[in-house]
Amino acid sequence: MDRPQIRLDFAPELHLFVSAPRRAGRTALRTDGSSTLGHVVESLGVPLTEVGGLLVDGRAVPDSHVPADGEEIAVLAVARPQPVPGPARFLLDVHLGTLARRLRLLGVDAAYENPDIGDAALAARSAAEQRIMLSRDRGLLRRRELWAGAYVYSHRPAEQLRDVLSRFAPPLAPWSRCTTCNGTLHPATKTSVREQLRDGTERSYDAFAQCADCGQAYWRGAHHARLEAIVTEAVRDFGDGPAGGPSRDSGPSQDSGPSQDSGEGQGRIGVVSG
């Protein structure tokens, strides 16, 4: 008995996941007659996190649908902004450290695992904390225990940031999170953070903030203009609040020095971390 033959058409946004012949329009595929449509789509390279809908002969079906012979299937991309079943909280894998710090710079809740804890542990944390898993690892995004996930389409941090902000539209609260640990910042006195300051910093700055979780101190430093440019662009294009950060009476904005792997700051604002 012949196996069922179906015809699939992938949205242009999904073409990077499929082989070249399947980017030209509707193409034929023989299935085993028992696999779900979700399994078929993933077997062709597309993580289900990137699928916004499945149409069979023009009608919407779930990924559990088992395709029958002769069906015409359209695989749609996710809509932007993409609704999420809760707050837009993220978990990033070890390869996305710069993106994690830029999201934190904008006040977005972005957990980050470094060193790598493995796909199973990442998926379990996503589920336990209801976080959207961000990764360029298609295998990780196929794990069924993920609460939610999204493929990061670019290697470049600036493009990665725009991708995530346009897809999920998280509320922005610039300068409110620690870029090192994701904790929240609160105003601090010079006396309370003096042990973290160098002589020149202590003489030159009067407004400080400190992370409530890790104790990291922050102040406006030499790198502030570069980071403020990132914030200004993000708020202009994806937010609706002021881009300049907290006022002096609510604490200083962040300005981190470069880190080893990305050029984005992890440590004290205005000081290159050791």
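## Helix α8 and its length

Helices (H or I, at least four residues) and strands (E, at least two) are DSSP runs, numbered from the N terminus.

This is a predicted model, in which local features need pLDDT of at least 70 and side-chain atom pairs count only at pLDDT 80 or more, whereas totals for chains, interfaces and linings use all residues. Residues are numbered from 1 along each chain as its sequence is written, and side-chain values use heavy atoms, with hydrogens and water left out.

Which residues of α8 are buried? They are His224, Leu227, Ile230, Val231, Ala234 and Val235, where buried means under 20% relative accessible area, exposed means over 50%, and partly exposed lies in between (1.4 Å probe, protein chains only).

On the face of α8 turned away from the buried side are the exposed residues Ala225 and Arg236. The cover over the buried residues of α8 includes α2 (97–105) and α5 (157–168), and contact here means heavy atoms within 4.5 Å.

Two packed helices are described by the angle between their axes and the distance between the axes. Axes are lines fitted to C-alpha atoms, for helices over the stretch in contact, and angles run from 0 to 180 degrees between N-to-C directions.

For α5 and α8, the packing angle is about 30° and the axes are 11 Å apart, and the two helices are therefore roughly parallel to each other. Angles under 35 degrees count as roughly parallel, over 145 as roughly antiparallel, 65 to 115 as roughly perpendicular and the rest as oblique. On the α5 side the contact is made by Leu161, Arg162, Leu165 and Ser166, and on the α8 side by Ile230, Glu233, Ala234, Asp237 and Phe238.

For α2 and α5, the angle is about 55° and the axes lie 9 Å apart, so these two helices are oblique to each other. In this pair, Thr98, Leu99, Arg102 and Leu103 of α2 meet Pro157, Ala158, Gln160, Leu161, Val164 and Leu165 of α5.

## Helix α3

Helix α3 (residues 119–129) has Leu122, Ala123 and Ser126 as its buried residues. Seen down the axis of α3, these buried residues fall within an arc of 95°, so they line one face of the helix. They pack against β6 (90–92), β8 (132–135), α4 (138–141) and β9 (148–151). After α3 comes Gln130, whose phi is positive, near 50°.

## Asp9 and the whole chain

Asp9 lies in strand β1 (residues 5–10) and is partly exposed, with a relative accessible area of 28%. Not counting residues up to four places away in sequence, Asp9 touches Gly25, Arg26, Ile73, Ala74 and Val75.

The chain as a whole has eight helices and 12 strands, and buried residues make up 47% of its 274 residues. Of the contacts in the chain with a separation of 6 or more, 60% are between residues 24 or more positions apart.

Terms used:
Arc of directions from axis to C-beta.
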